[in-house]
Amino acid sequence: MKKKLLTLMLLVVVTMALFASGNAEETSEKQWVIKLSHAGPATENNDDYIGSKAIKDAIEANSNGRITVQLYPGSQLGNYQEVMEQVDEGVLEIAHTSIGGVTPFLPEMAVVDLQYLIPSDAVVVELMKGNFFDEMSVEIQNVLPNVKLIGVCDGGRWRSFYTTKKEVKSVEDLNGLKIRTISSPLQQEFTSQCGASPTPVAWNEVYTSLSSGIIEGLKIASPDIMSNNLDESLKFGVLDRHTFLFGFYFVSQSFLDSLPADLQQVVIDAIHEGTAIQTAFNQQKEIKANEEFVAGGGKIHELTEEERATFLPAREAMKSWYSEKYGDEWLNKLETAIAEAESNL
């Protein structure tokens with residue numbers, strides 16, 4: 001009897017081992033596909049593509065081919081709001097957006113675009129390592145439960161004023177100039193606070209609007225100028241660096257949870273690698289673009305402390321404007337994070 005019982009137990013153990021082995025083999029052979037959306041064109045001159053391509057390469061290499069990544073550049077799958085909705089619905093695995101992907105759902109997150117709050121690149125780096133964006137991720141998942149913020153990067157450098165005919169050295173020089181904005185209340189209010197005339201123009205109409213005089217300037221970074229031939233019209237830049245453009249990589253939480261633990265880590269690590277590559281790319285690209293702008297006959301002005309001071313009343317005005325619309329919770333969080341970042345330098 002004991003011998004039969006031992007034999008039966010042995011058969012059960014062997015069967016369970018074979019079952020486990022079969023499951024492990026099945027899991028290891030399973031294939032996954034990730035769709036990754038970004039707004040920029042699929043060119044080696046575009047930071048969205050550089051970062052996304054780095055993520056694709058790292059995932060495919062480190063998953064040993066178990067995951068295939070398909071890139072969808074040029075907003076093929078929709079605008080920022082639409083791709084965020086797709087991630088939340090679980091039909092898109094990864095989306096790269098600016099804060100414009102978040103503000104349709106959480107308008108108070110426009111706080112990261114408030115002008116003249118972040119003083120330097122060094123503080124930006126510390127901010128990206130700190131807790132502020134972790135808190136933002138939690139808040140986003142309260143509204144979009146399936147959207148997980150995994151990576152933050154330099155999404156396109158500092159926004160400054162560039163103009164067609166008038167050199168700007170103080171905020172008074174912007175008075176009355178028709179400056180292109182997006183259809184964002186925050187951007188339009190800031191432009192007005194600087195004395196300029198906010199003129200909403202779609203991006204695909206900027207080139208002709210500049211050449212025809214419909215607009216007389218932009219809030220932009222030099223790499224975007226040079227890659228879109230806007231230097232044909234823009235001749236003067238004043239590096240007031242009012243806003244830093246962050247980029248964000250969002251992942252479908254349900255998709256991430258569906259992966260084995262090792263592949264979850266592969267995806268997370270790849271996104272962190274891609275954000276580092278995209279950030280470094282943008283830093284180098286801005287240096288080169290500034291040089292090309294000047295070499296082509298443009299003029300770039302670095303503000304003195306006295307000149308910069310003329311722009312700073314707009315900072316306080318925008319903080320008040322933001323607080324009246326959205327409260328001061330996230331403004332306080334950001335200012336605290338900036339102060340902590342500065343203390344770490």
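## Salt bridges in the predicted model

A salt bridge is counted here where a side-chain nitrogen of Lys or Arg lies within 4 Å of a carboxyl oxygen of Asp or Glu. This is a predicted model, in which local features need pLDDT of at least 70 and side-chain atom pairs count only at pLDDT 80 or more, whereas totals for chains, interfaces and linings use all residues. Residues are numbered from 1 along each chain as its sequence is written, and side-chain values use heavy atoms, with hydrogens and water left out.

A search of the whole structure under this rule returns 15 salt bridges. Among the residues involved, Asp121, Asp154, Arg157 and Glu286 are joined in a network of salt bridges.

Arg241 and Glu302 meet through their side chains in a salt bridge, with an N to O distance of 2.8 Å. The pair connects distant parts of the chain, 61 residues apart, since Arg241 belongs to strand E8 (residues 236-252) and Glu302 sits in the loop between strand E9 (299-301) and helix H11 (305-309). Helices (H or I, at least four residues) and strands (E, at least two) are DSSP runs, numbered from the N terminus.

For accessibility, buried means under 20% relative accessible area, exposed means over 50%, and partly exposed lies in between, using a 1.4 Å probe and protein chains only. On that scale Arg241 is partly exposed, because its relative accessibility is 30%, and Glu302, at 44%, is likewise partly exposed.

## Pairs within a helix

Which residue forms a salt bridge with Lys129? The partner of Lys129 is Glu126, and their closest N and O atoms are 3.1 Å apart; both residues lie in helix H4 (residues 121-129), three residues apart, which is about one turn of the helix. Lys129 is exposed, because its relative accessible area is 59%, while Glu126 is buried, with a value of 17%.

In helix H12 (residues 313-326), Glu316 and Lys319 are also placed three residues apart, about one turn of the helix, and their side chains form a salt bridge with an N to O distance of 3.7 Å. Glu316 is partly exposed at 39% relative accessibility, whereas Lys319 counts as buried, because its relative accessible area is 18%.

## Cysteines and disulfides

A disulfide is a covalent bond between the sulfur atoms of two cysteines. With a disulfide taken as a pair of cysteine sulfur atoms within 2.5 Å, the count comes to zero. Cys153 is buried, at 0% relative accessibility, and Cys194 is buried, with a relative accessible area of 3%.
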